[in-house]
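Here is a short briefing to read alongside the model. Keep the viewer open and follow the topics in turn.

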Protein chains: 2
Amino acid sequence: MVTIADVARDAGVSASTVSYVLSGKRSISAETRRRVEASIRRLGYHPHAGARALASSRTNVLALVMPLRTDIDVPVVMRFVTSVVTAAREHDHDVLLLTNDEGPQGLRRVAASAIADAILVMDVEADEPRIPVLRSLLRPAVLIGVPDDPEDLSCVDLDFHAAAARCVHHLADLGHTDVALVGPSPTVYERGTSFAGRFLHGFDGAVRERGLRGGTYPCPPSHEAARACLDEVLTRQPDVTGIVVHNEAALGTVLSELDRRGRKVPEDVSVVAVCPEDMADGFAVPLTAVPIPSDEVGRIAVEMVLRQLQGDAAPEVRLLSPRLREGGSTAPRR
Amino acid sequence: MVTIADVARDAGVSASTVSYVLSGKRSISAETRRRVEASIRRLGYHPHAGARALASSRTNVLALVMPLRTDIDVPVVMRFVTSVVTAAREHDHDVLLLTNDEGPQGLRRVAASAIADAILVMDVEADEPRIPVLRSLLRPAVLIGVPDDPEDLSCVDLDFHAAAARCVHHLADLGHTDVALVGPSPTVYERGTSFAGRFLHGFDGAVRERGLRGGTYPCPPSHEAARACLDEVLTRQPDVTGIVVHNEAALGTVLSELDRRGRKVPEDVSVVAVCPEDMADGFAVPLTAVPIPSDEVGRIAVEMVLRQLQGDAAPEVRLLSPRLREGGSTAPRR
DNA sequence: ATGAAAGCGCTAACAC
DNA sequence: GTGTTAGCGCTTTCAT
């Protein structure tokens with residue numbers, strides 16, 4: 001293995017000079033820097049991560065806690081994961097992937113063994129049970145999702161409350177008065193998943209505000225369940241003309257089942273989706289949608305946590321404003 | 001931070017004794033072990049990962065290279081990822097998540113900086129371009145997928161060739177003579193993705209062997225594309241009575257579109273799915289399917305690579321035999 | 001069955 | 001602008 005001593009010898013400088021060339025923490029003459037960088041390249045030197053972590057107490061690794069759930073939309077989770085990894089790499093950090101099934105002990109282990117500098121947490125609940133552990137860790141943490149009381153933890157997420165309101169207002173503005181929300185699985189609501197509850201409240205609030213008739217329908221993640229769910233919508237609200245689908249897995253089924261029942265979109269029923277933008281584009285008619293900005297959320301989470309590591313950062317709750325992209329799945333009520 | 005010296009002092013032994021209690025690399029008296037373990041628990045000691053890596057040149061971290069593709073089925077990728085993480089944790093290892101977009105340089109970086117002990121690679125191509133780098137790394141590597149020539153690298157995957165044959169034989173045994181394969185996206189075939197090609201060959205081979213009429217249809221990942229793809233199947237093979245769907249994203253669409261066109265499953269058309277087992281269960285009638293054993297593949301990949309790290313392991317190619325689970329979506333031809 | 005001590009490769013004072 | 005040096009916390013000889 002190539003060490004910093006090898007590089008130093010090769011470039012005719014001391015090891016500390018090599019270290020400083022790499023870190024930029026003190027000024028180096030142009031000539032020295034050139035020689036050192038040449039040696040680094042020629043020898044194919046990469047600093048030993050463990051040695052660096054030991055000496056500097058910085059690992060340049062972020063831990064990301066991923067849910068193992070199958071009731072939330074897996075592709076959306078995956079987008080968060082990839083955007084976190086991509087953003088981390090852009091800032092010269094790597095990502096250690098943890099699952100939730102180790103429990104709080106896993107978080108303690110990661111923090112105490114100094115295997116990562118900070119922790120990012122997904123699948124946040126309204127009454128988030130991991131908050132006490134995270135606060136006790138003395139390492140920065142950022143939640144992807146917003147609990148009811150984040151205390152002094154930083155959070156970032158789409159403003160799902162506002163997103164729901166945006167969907168309802170769009171439908172109301174088009175003249176719809178009887179609207180439905182096809183939401184995530186009942187199990188997602190039951191465990192108090194933050195984004196689901198916030199969306200639901202936003203929906204109910206806007207429905208009331210605009211004086212609409214509105215129903216909400218949790219929908220388990222299977223084709224059969226989605227079909228049954230739509231049946232229930234049409235039974236309980238036979239005159240429904242606006243449906244908000246906040247459930248990626250159910251989206252395709254809802255649309256094809258509406259079609260099968262002879263309800264044309266958007267002539268008879270307007271549909272607003274809450275999903276990744278490219279998913280909304282995958283239909284014959286691109287859907288009217290509030291896109292979930294996974295890339296931006298992941299990037300911001302990484303940047304927030306790095307800023308905290310750098311020292312200059314107060315905890316903050318960052319709610320991204322929803323954007324409604326009009327597509328061909330909504331139209332004025334006939 | 002709690003160090004090994006703190007534990008040693010607390011237990012009244014030397015640091016090396018604590019180390020040996022932890023590693024089990026030499027025998028310790030019952031009494032000493034008890035005292036040391038008590039101190040470890042009481043102080044909440046966790047070995048410093050960097051120090052350990054520096055001293056032992058073992059990190060207990062596995063790197064997993066994940067594709068960023070959107071044309072392969074994301075939930076399936078995610079299942080591999082979670083099964084690798086879970087299996088790794090069961091063997092006291094963590095997982096560092098890499099994406100492909102750093103290229104070979106990323107693999108070199110990870111290996112040279114000793115941030116991980118071994119590398120697992122997903123999304124393998126038939127003519128896998130990363131093989132030379134991986135071989136040059138002097139670290140164990142395991143491919144999840146099987147290239148045409150793995151050289152001395154270990155691989156593990158479902159035997160997709162046999163899986164396709166299994167599907168065709170099942171349909172042929174039921175009397176079907178006109179069969180179709182709805183496969184992954186054209187882009188997946190174009191870049192020579194290993195599993196797609198192996199499945200396609202298996203399908204073609206079995207169709208020929210059984211003297212059937214058979215067509216193959218790559219299907220891009222959108223609802224609209226899936227609908228168009230089914231149209232093409234029914235146009236080119238109007239008498240088709242058996243369809244193999246090797247494309248999770250298209251599965252729901254294919255079934256609902258068949259229904260919409262008045263072709264009953266399984267009375268008019270038999271459908272065999274190749275997908276995670278619980279996905280096949282999510283339909284009104286559980287589908288006949290060859291399940292993709294993601295959990296097993298991930299677990300085996302981890303175990304193979306750990307065995308290589310331990311020293312006792314020859315490279316091996318492990319193809320898991322497909323299992324066909326009969327469900328309600330296939331029936332004898334009328 | 002246990003201890004003492006020599007590094008592992010790097011960073012960051014401290015010197016000049 | 002650069003070199004010297006003292007650790008960082010652990011594992012693993014070598015001793016006993």
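By class, the surface near DNA strand C is made up of 11 nonpolar, 12 polar and four charged residues. Please keep in mind that this is a predicted model.

**DNA strand C**

- DNA strand C is surrounded by 27 residues, and the closest are I4(A), Y45(A), T17(B), S27(B) and T32(B).
- Of the atoms of DNA strand C that come within 4 Å of the protein, 58% belong to sugar and phosphate.
- Two of the closest residues, T17(B) and T32(B), also make side-chain contacts with phosphate: an N or O atom in the side chain of T17(B) is 2.6 Å from a phosphate oxygen of DNA strand C, and for the side chain of T32(B) the distance to a phosphate oxygen is 2.3 Å.
- A base is reached as well, with a backbone N or O atom of A55(B) lying 3.4 Å from a base oxygen of DNA strand C.
- Helices α2 and α4 of chain A and α2 and α4 of chain B each supply at least two residues of the surface near DNA strand C.
- The largest share of that surface comes from α4(A), with four residues.

**DNA strand D**

- Around DNA strand D there are 27 residues, of which S27(A), T32(A), I4(B), Y20(B) and Y45(B) come nearest.
- Sugar and phosphate make up 55% of the atoms of DNA strand D that come within 4 Å of the protein.
- A polar backbone atom of H48(B) is 3.2 Å from a phosphate oxygen of DNA strand D.
- In both chains A and B, α2 (15–23) and α4 (49–56) each supply at least two residues of the surface near DNA strand D.
- Helix α4(B) gives the most to this surface, with four residues.
- The surface near DNA strand D divides into 11 nonpolar, 12 polar and four charged residues.

**How the two protein chains are related**

- Chain A superposes on chain B by a rotation of 180° with 0.0 Å of shift along its axis, at an RMSD of 0.1 Å.
- The two copies are therefore related as by a two-fold rotation axis.
- The copies meet through the same surface, because 100% of the interface residues of chain A are also interface residues in chain B.

**A parallel sheet in chain B**

- Five strands of chain B form an open sheet in the order β7-β6-β8-β9-β10, with parallel pairing.
- Strands β7 (213–218) and β10 (288–291) of chain B are the edges, each pairing on one side only.
- Ignoring direction, neighbouring strands of this sheet are turned by 15° against each other on average.
- Strand β6 (residues 178–183) of chain B is joined to β7(B) by six bridges, and the two run parallel.
- For L181(B), the bridge partner in β7(B) is T216(B).
- Helix α11 (residues 223–236) of chain B lies across β6, β7 and β8 (242–245) of chain B, and runs at about 160° to β7(B).
- Helix α12 (residues 248–260) of chain B also packs on the sheet, where it touches β8 and β9 (270–275) of chain B, and its direction makes about 165° with that of β9(B).

Conventions. Residues numbered from 1 in each chain as written. Chains lettered and ligands numbered in written order. Predicted model: local features only at pLDDT ≥ 70, side-chain atom pairs only at ≥ 80, totals over all residues. Heavy atoms only, no water. Near = heavy atom within 4 Å. Polar contact = N/O pair within 3.5 Å; in protein donor to acceptor, adjacent residues only side chain to side chain. Nonpolar A, V, L, I, M, F, W, Y, C, P; charged D, E, K, R; others polar. Pairing = 2+ DSSP bridges. Axes fitted to C-alpha atoms, helices over the stretch in contact; angles between N-to-C directions. Contact = heavy atoms within 4.5 Å. Least-squares fit on C-alpha atoms with pLDDT ≥ 70 in both.
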